[in-house]
Amino acid sequence: MNDTVGKIQHVQIIFPMNKTMTPMDHLMHTDTTEKWEQAFDALTDHVMILDHSGNIVWANRAIRDQVEPHIGPIVGHHYQRPYYRDVLPKNPPPWETVLAGALSAIVETSFPAMAGDFLVSCYPLFNSQGTQWGAISVVKDITDRKRIEVALRKIAQSDPTPGSIAFLRSLVKDLCQAINLPYVILADLENSAHPITQTVAILAHGTFLENFIWTPSPELFTELLKVKGCAWNSVSTPLFPSTSHLSSWEVTSYMGSALRGPAGQIIGILLALSPKPIENPHVAKSIVQLFAAKAASELQRKKTEDALRDSEQRYRAIVENAYDLIIEISSQGECHYVSPNCHAVLGYDSADMLGKSFFNFVYPEERPKLTESFHTNIGSLQEIDMVCRIQTKQGEWRWFESHVHPFRTSIGTVKGVIVTRDITEQKRLEEERLRATKLESVGLLAGGIAHDFNNILTSVFANIGLAKIVAAKNSSSPSVVERLSAAEKACLRARDLTKQLLTFAKGGAPVKSTTSIASIISDTVEFALRGSSVRCGLQIPEGLWPVVVDEGQISQVLQNLVINAEQAMPEGGVIEVTLENNAILSPTDLPLKPGNYVQVTVTDQGIGIPQDHLPKIFDPYFTTKQKGSGLGLATTYSIIKRHEGYITVSSALGKGACFTLYLPASSLKEASPDETPKALIHGKGRILVMDDEDEIQEILGKMLEYLGFDVDFASEGEKALSHYTTAFEQGSPYIATILDLTIPGGMGGKETLRKIKALHPEAAVIVSSGYSNDPVMARFQQFGFSGVIAKPYNLLDLSKVLSHIL
């Protein structure tokens, strides 16, 4: 019968027979014989009818077909013959209890003569008088059910940690045993659109193989994906190509399932394979589906745990290898975690900061405000941005830009993550830009003032010079000549002051030449320290590269630095000036292009510079001296910048100061020294002067006449061009022309030169201006001028220029 037989509690069969018939005779001769025989023979379970001695009086086709080919007919024999043969049962069989009077017996058992597990259901048979004369039994093969139960039990009782490779391997091994197939593959799938899998566990004949990347055939992959449950098929072509690890498997059939994640997405494949047709496929499918459901959940768990582990490793790698310093702090600011790069960024080991307040390392003057902001915002989980100075282990205060991200832990504790970056160099560059902006603003003012002042100073300087010559010739009182000499020196100092102002002016460019920096420095230092109690130690190596500089401006730079160093050592001391070659081959923290530089270091033993003054010392008009102008270091900075070099300073109170200059080196040889004589040189001929200032025309005319020249004047370019054209057409051109560069409201020097050159290409033209920093003054030859003379100038300056071009 079927499973319903297990529900029968009592069977009573009554036979209306005469006294000469046995119960079995009556049973076999009723008109219902054919019907119940057909019904019992249609069952796959074993059905037997026994007499009171346990002998078989009838058996259905299922048991006869299974045992009679091996042991012969069983009707008339004891029931133990088909199930026990010659082996005595260890425990009383269920038939014995019913034959002994029990109302029923339902027992799960196994038999020595038959493989598998069975459910035996046995019930008594009675005659019409109510006397038991025998029993009827149904023996059901429950081997497949027991296999499923064992499989479920193994799934539930697996020892390895869920989600682990060991667990998945255990699952695969149990599946092999449950369905009795030699091959099982469990594979991970990242994208169902591309049939490329990574095997997770692969078992062959009880041995696990090495995992590998496997691409199932399109037919197999498509079938596994389209079947919602378990796919089952025979194989007509090889599942694995000859190059595959599994090509040696002789597979004729398979059973498998696509593994689905919580959202229904395909995350893997479970496949069982066999070299022969799969027995009891319906039972095997049920078992595979059970294992597939468990494998899917555990594979998803593994994927999640792997992703979490990868995420942790990825973020740990980011944190531990980030340039930025990362700190986890409590709501009170105490450091709970410090990234390993702490030593590289601040010089501390992580242990030096753990357990201490982050704000203990912040600059004291900035600490109260930042602490208040932190405590105000951390409780409400408001993100905070901070810019502050943090002290390194070496005692240096460096600028850091920090972002604080508060968060609440799973237990409700508020913490914060600080990501902080060293922006010291960025701040320095910002200060450089700000300083350059200040210098440019000063330059706009200085250029205009210096131009007008130089025009006035030219008249004063030249007149004093002429008066001094006249007084000396007329044998005037020596005191008059002395006073005029003193006034001339005052004019020279005024000229130096305007030169410093003009250094700031926009567009100012040094008049560069290739020269030896060593000679400039030695001469400047010797002059600046003459009569001082401070001495200089000068270190100049052999093979020092020449530099491309404006000698006058670099001399001014060194003079400013040496004088400052001397004033910092009122009790005397030593200034060390060191020169060396420095090849910068790749970009560094210094804002310099790669190339060769001569490095000049000036170090004193003075009182030093306070840390809060260091960022300001190159600002115009910043000074700590009672009589200082605040232009010395600002001029130095501007000159070095215009030479495409750089200047740095380091200092500490009581330990002196160190200034380092970087000047571009030249591959050319240094220029020969100027051999121009210092005596006045006289001459003859006509000279044309163009200047809009009457005072300049007057004094320049006097100086030219004193040198022996005739002079014509013009106040602007059109008149100058008219004079020059007339003289040229008359065949007596001017031997030289002096043009003022800037004529307000009229044609200036550049345009006038262009038209004169168009008329007379060989014309000797000198440019002059109170804007001594104008690019035309710095590179006059590139603009077509023959010479240059910057205002203010005296008779000797004028004589030198004229002698040079004539």
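Me: At 18% relative accessibility, does Tyr363 count as buried or exposed, and what does the figure have to be held against?
Reply: In this predicted model, the value is read against a cut-off, since buried means under 20% relative accessible area. Tyr363 has 18% relative accessibility, so Tyr363 counts as buried. Trp397 comes out at 28% and therefore counts as partly exposed.

Me: What geometry describes the aromatic pair that Tyr363 and Trp397 form?
Reply: Such a pair is read from the distance between the ring centres and the angle between the ring planes, where an angle over 60 degrees counts as edge-to-face. For Tyr363 and Trp397 the centres are 4.9 Å apart and the planes stand at 90°, which makes the pair edge-to-face. The two partners are 34 residues apart, with Tyr363 in the loop between helix 11 (350–353) and helix 12 (367–378) and Trp397 in strand 16 (residues 397–408), and the pair thus links distant parts of the chain.

Me: Which charged residue sits over the ring of Tyr363?
Reply: The charged end of Arg389 is placed over that ring, 3.8 Å from its centre. A further case is Lys427, which lies over the face of Trp399 at 4.3 Å from the ring centre.

Me: How many aromatic pairs does a search of the whole structure find?
Reply: The search finds 17 aromatic pairs. One of them joins Tyr79 and Trp95, whose ring centres are 4.7 Å apart and whose planes are at 35°, so this pair is tilted. Because Tyr79 lies in the loop between helix 3 (61–71) and helix 4 (80–84) while Trp95 lies in helix 5 (residues 94–99), the pair ties together parts that are 16 residues apart in sequence. Tyr79 and Trp95 are both buried, and they belong to one aromatic cluster together with Tyr83, Tyr84, Phe111 and Phe118.

Me: What describes two packed helices?
Reply: The description rests on the angle between the axes and the distance between the axes. For helix 16 (residues 551–567) and helix 17 (residues 632–642) the angle is about 145° and the axes are 9 Å apart, and the crossing is left-handed. Residues making this contact include Ile554, Val557 and Leu561 of helix 16 and Leu633, Thr636 and Ile640 of helix 17; by class, the contact has 6 nonpolar, 7 polar and no charged residues.

Me: At what angle do helix 18 and helix 22 pack?
Reply: Helix 18 (residues 694–706) and helix 22 (residues 795–805) pack at about 60°, with their axes 10 Å apart, in a right-handed crossing. Here Leu700, Met703, Leu704 and Tyr706 of helix 18 meet Leu795, Leu798 and Leu802 of helix 22, and the contact divides into 7 nonpolar, no polar and no charged residues.

Terms used. Residues are numbered from 1 along each chain as its sequence is written. This is a predicted model: local features need pLDDT of at least 70, side-chain atom pairs count only at pLDDT 80 or more; totals for chains, interfaces and linings use all residues. Side-chain values use heavy atoms; hydrogens and water are left out. Rings of Phe, Tyr and Trp (its six-membered ring) pair if their centres lie within 6.5 Å; planes under 30 degrees apart count as stacked, over 60 as edge-to-face and the rest as tilted. Helices (H or I, at least four residues) and strands (E, at least two) are DSSP runs, numbered from the N terminus. Buried means under 20% relative accessible area, exposed over 50%, partly exposed in between (1.4 Å probe, protein chains only). A charge sits over a ring if NZ of Lys or CZ of Arg is within 6 Å of the ring centre and within 35 degrees of the ring normal. Axes are lines fitted to C-alpha atoms, for helices over the stretch in contact, and angles run from 0 to 180 degrees between N-to-C directions. A crossing is left-handed if the near helix is turned anticlockwise from the far one by less than a right angle, and right-handed if clockwise. Contact means heavy atoms within 4.5 Å. Ala, Val, Leu, Ile, Met, Phe, Trp, Tyr, Cys and Pro count as nonpolar, Asp, Glu, Lys and Arg as charged, and the others, Gly among them, as polar.
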